[in-house]
Amino acid sequence: MTTVYEFELPKGYVDSTGAVHRRGKMRLATAGDEISATRDPRVLSNPSYLTIVVLASVITELEGVEAIVPNIIERFFTADLAFLQDMYQRINNIEPPTMTVVCPDCGKVFEAPINFTQEG
């Protein structure tokens, strides 16, 4: 089973010296990664910061960068952040739950997403 995946950022992280870092590795997330991220004070005051904290814990390597911490992730270009969020979802097989339903009008059978957070 593969637990660590290599990546190459589309733009790259530019450090304080102007060096660009593109290649890195991301490991599969654990329940502990997500639980501890939700307890982070920055996430408690700003829930959108959750992505930053989680990515900082699962990115194990970025060429030439000594330690991956949230303030490094904050400085990524938005294209790189979107790339990493997509990669995180793909390698952790995060897909919305679905159920097979039948259209009452035409009888067509299809998969529909289940939204547990919305009433109705």
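Which elements do the buried residues of helix 3 pack against?

**Figure 1. Packing of helix 3 in the predicted model.** Helix 3 spans residues 50–58, and its buried residues are Ile-52, Val-53, Val-54, Leu-55, Ala-56 and Val-58. Buried means under 20% relative accessible area, exposed over 50%, and partly exposed in between (1.4 Å probe, protein chains only). The packing partners of these buried residues are strand 2 (20–27), helix 1 (31–39), helix 2 (41–45), strand 3 (59–62), helix 4 (70–74) and helix 5 (78–91). Contact means heavy atoms within 4.5 Å. Helices (H or I, at least four residues) and strands (E, at least two) are DSSP runs numbered from the N terminus.

**Figure 2. Pairing of strand 2 with strand 3.** Three bridges join these antiparallel strands; two strands pair if DSSP finds at least two bridges between them. Lys-25 is opposite Glu-61 of strand 3.

**Figure 3. Surroundings of Ile-114.** Ile-114 lies in the segment that follows strand 5 (109–113) and is partly exposed, at 26% relative accessible area. Leaving out residues up to four places away in sequence, Ile-114 touches Pro-97, Thr-98 and Met-99. Its C-alpha atom is separated by 40 Å from that of Val-14, 100 residues apart along the chain.

**Notes.** Residues are numbered from 1 along each chain as its sequence is written, and side-chain values use heavy atoms, without hydrogens and water. In this predicted model, local features need pLDDT of at least 70 and side-chain atom pairs count only at pLDDT 80 or more, while totals for chains, interfaces and linings use all residues.
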